[in-house]
Structure formats: structure tokens, C-alpha cells
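Please open the model in your viewer and keep the selection tool at hand.

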Amino acid sequence: MRIYFIATLCILVFTNCNSKKIAVVIDQRGTSNLLLVINPGKEFQTIHSFGASDCWTTKFTGKWNDEKKKNEIADLLFSTDNLPDGSPKGIGLSLWRINIGAGSYEQGAASGIYDEYRREECFLDADGKYDWRKEAGAQWFSQAAKKRGVKYLLGFTNSAPVQFTQNGFSYGLSNNNFSCKEDKYDDFANFLVEVCKHFKDTNTPFDYISPVNEPQWKWGEHPSQEGSGSTNEQTAKLIKMLGPKLQAADLTTKIAASEAAQINFLYEKNESHLGDQINEFFNPASFNYLGNVPNTEKLISYHSYFTTCPDSALFISRQSADEERKRIDPAVELWQSEFGVLGDICGKLNGGPRKTNIDYGLYVAKVMHADLAIANVSSFQWWLAINPYDYSDGLVYINAPDGSINPAKSKEDGIVSSSKQLWCMGNFSRFIRPGMKRVEASVSGSANNRIMVSAYKDNSSKQLVTVIINESENNAAMQLQTNSSADKNMVDCYTTSATQNMAHSMVAGNNIAITPMSVTTLVMKYE
């Protein structure tokens, strides 16, 4: 038997051809010994992707004259290459979300949206003519993503084009009803089909289209961005129109059903017919059933905001969503399609002002772990990939040329920097690739609440990836126990900590140190 090791973040995964389980002893200083057990024979969900959104910054950064800086941003987000020292160049996202604007940008200040970054261009004007030069910055980034091997592109809308809405604006109504005029649903669906055709013609075809985003909020009460409410019936009506049109146009683009604003809207009933969405959309007995609509994928998405603390709420809500999915239709996939550090996090963290330190990276890693290992999501997607604000919900950050945090001064040029949010997400996205399966992983011992572990395998390449999150301020020593000499081999390790960004190192399999407050990933190949 031979075992080959391939480095990947700071986690340790080993396999033995003669055993289904892999045991690793962890000695955490100040606590009892812990035992990590990986069981590649017990499989869970198949991983689809890790992604992020182009909102709202690419309209400007994608049009910067400095090609080197634009490519620096694209590399941080999309690249799967390594630097000369062996550390990853970027986090290797496998999905990219592209916002299909509704026309608030053309309306300017009259749009009612005060922040020009949050206004979006529309490909369709009031005269019914398409201008594919619009969203040039976003289209630059969609091309950059495909060039770097990003597998999936997803187009999403927050509102129908302003000429189709009831109030003539993109920010929705003061209630939860869909802002699109009743007689314009068909036009809105036709618009989405034309946009899909365009991106197909430019060799950046949409694999998915998401036509309704966070329909539970009353976007018109406090206009700050494009958005629209929608009841389940209104959402289903639009999708039932859109699916056959995509099919008739010979497009392979799949519809991703309504993206719930919070995870509880997937399984809790709501008197306004905004919740209970797994049952509403994927129970064949439901009036709003979407499982038989052409080009509609059996998946439903939620956003991880406002349900992440305390830890009990984080875990219970995700367990509830997974149980409801299994009860209604186990074939339905769950996606977590939007997340960032938002608002007050139980008094410990906050969206503002901007923080990019390891505390924030570890929080992101914990939420990712819960979504992947408890909710069993197959895709995890971030919100603001590129952030010019004094806020903590970005991956890549942009300051003004003078170094200040000033979005208005960052429109044409800026200083690019990364964050621990980026690199901790990369501990997952760079190494857990589309098609891998999550497998059983557990830690036993009194301190296991401070260490979280999940593991993933690729059946064809025989790679095994494990991601370990150490929230404690203590070191952890990890030792591989096998019946071969594999535990004495050198292993590639990638670590994100307060001072490291997916830093590469070579460590002995019988003496792997897990840094305090870190995320660690290890990928190995076995025969």
C-alpha cells in the first residue's frame, strides 16, 4: 500500500486501504486528548460549488483602466494557481453570481436609492431596445472568472426592469407583494431569457438564473437598493412562465428557486405566504409546486443572515431546514446563496466599522461549517466579493488611491487588499472542488466544541480533504496513527491564522501542529 499526500490548508486527512476509518489523536494544551475520526465510507451531500457575488462594485472596478489591479482582484477570487512559495494565489471560487440590473443606475438620484454603488444598469430601455454595452464592468469580471476556470455562472435579479414595475422604481413596494405589474410578468420572463441568450453568445453562459431574491422583506419601506417582495404564489407564477421560455429558446440555464432572506423562511409558515418554502415549492401536493417546471432545478436557497448566534440558534435552524428538506423531498438540494458579516453578532462582532482580522475569519468559517455539516448545503455563496465600504461583509477590499475608505473616490482607481474573511473561506473553496462528497468526521473529547472538523473526498482522484477550525487560543498537536510508515511522511499544510493567509508548510504526519485561532486544511491522495 502507498499513500500520497497533497497539501491543502490546515487540515489533516489520512486514509488506509485496509480500513474505512482514519483516526488521528489531537492533544490540545490545557484539555484532554481528542480523537479525530474520518470515515470516508459514510457519505453525505455532493458539493456543487463555492461562490460570491459581483454586487455592487464591479460596475466600477471592472472598468478601471489599470488592468493589473483588476486582474489582481480576479486572481484573489478565482485563481487556483500557487505562488512560488507554494501558497495559493487565490481562493478558487467555483461559482460567480452576476447581478442583472433593473435600471436604477440610469435613473440616477431620481431612483430613490441614495448610494450610486447600489444602483444597477439595465440591458433593456423603456423603448424595448437592448444595449449589451451596459454592465460592462460586470461582464469583464464574468469573462475573468471563466478564464480562470470558474465552473458555474449564475445570473440573479433583485427587481424587474423599472418600466415593468408598479411604482416605476426598482426598490419594491411597501408591502411584500411582487413589484412587477400583473400584465408584465411575461415581459419580465422574456427579458431574462434575452439576457441568458446574450451571455451564452459571449461564451459566459448562465448555468443558473435566480429570478427572486429575499422576497420576505418590504423593500419599499426604506429604499436602499434594488429589491422586491414576492409571495410564494407570485414567485411560482413567474417561474412557471420562465421555465418553458428557457426550454423553448434551447437554453440549458436552470432556474434556482426563490432565495429566502433567512433560513427559517424555508420551514416556518408565514401568514403573508412568504415562508414554508420547501413545502410550498417542492411538495407535489402544493399549488405552487415547481418540481415539474421545465429548466427548474430541484434546489432551494436561503441566506445565512441573522441566524448565526448564539451557537444554539446557528445549529438548530440548520438542522430544522435539513430535516424539512428530507421530509418533503430528499432529492431537493439546499444552497446557502448569500452571506456576509452583517449587523450585531451577539455583541462580539459587528458589520461596521470594517474589520478584517482573524476573529471575523473564524466567524465566517464557523458559519460555513454549520451550513455544510449541519444543513448539508451543496453550495455556499458570499455576498460582496469586492467591498469599498467601511464594513466587514467583503472578501476583497478597495480603498481610495489616497488610502482612505471612500467609495466615491474608488470608482476609477483604488488600493486592493485582502481579508481574513477571504482566506478563511478559501480554506474551503480552494480545495473542496465541485463533485466532491462530504464524509463523516468527528472529534471526541471535552474540548470538541472549540474544534470543528469536516472532511470531503473525490472518488475518482482519491483525494481526501479535511478542514479543521480551532477557535481556541491554545495550540493543538495532531498525530496520525496508521499501521504503515505513512505517519512519518511529510505533508503539505496550508494555514490561515492571525499572521498567515493559507500559508504553505511541510509537516511530518506524526507531528502536525494546529495554530491557535486558525483554519487548517490538508488534502491527501491515496491508493
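The stops below are selections in a predicted model.

**Stop one: Glu 120.** Select Glu 120, in the loop that runs between helix H3 (104–107) and helix H4 (136–147). Is this residue buried or exposed? Glu 120 counts as buried because its relative accessibility is 7%, below the 20% cut-off.

Next, show the surroundings of Glu 120. Beyond its neighbours within four places in sequence, Glu 120 is in contact with residues including Cys 55, Trp 56, Asn 99, Tyr 105 and Glu 226. Gly 101, Ala 102, Gly 103 and Ser 104 are also among these contacts.

**Stop two: the second largest pocket.** Keep Trp 56, a contact of Glu 120, and move to the second largest pocket, with a volume of about 530 Å³. Its lining has 22 residues, and those closest to the pocket centre are Trp 56, Arg 118, Trp 219, Gln 225 and Leu 342. Select strand S14 (residues 379–387) as well: this strand gives the most to the lining, 3 residues. By type, the lining residues of this pocket are 11 nonpolar, 6 polar and 5 charged.

**Stop three: the nonpolar cores.** Select Leu 77, Trp 96, Phe 191 and Phe 428, the residues with the most contacts inside the largest nonpolar core, which has 122 residues. Then select helix H9 (residues 358–373), the source of the largest share of this core, 10 residues. Finish at a second, separate core of 9 residues, among them Leu 36, Ile 38, Val 453 and Ala 455.

Definitions and conventions:
Residues numbered from 1 in each chain as written. Predicted model: local features only at pLDDT ≥ 70, side-chain atom pairs only at ≥ 80, totals over all residues. Heavy atoms only, no water. Helix = DSSP H or I, 4+ residues; strand = E, 2+ residues; numbered from the N terminus. Buried < 20%, exposed > 50% of the residue type's maximum accessible area, 1.4 Å probe, protein only. Contact = heavy atoms within 4.5 Å. 1 Å grid on protein atoms, 1.4 Å probe; cavity = no way out; pocket = protein on both sides within 12 Å on 5 of 7 lines; lining within 4 Å. Points joined across faces, edges and corners; volume = space filled by probe spheres on them. Nonpolar A, V, L, I, M, F, W, Y, C, P; charged D, E, K, R; others polar. Core = buried A, V, L, I, M, F, W, Y, C linked by side-chain atoms within 4.5 Å.
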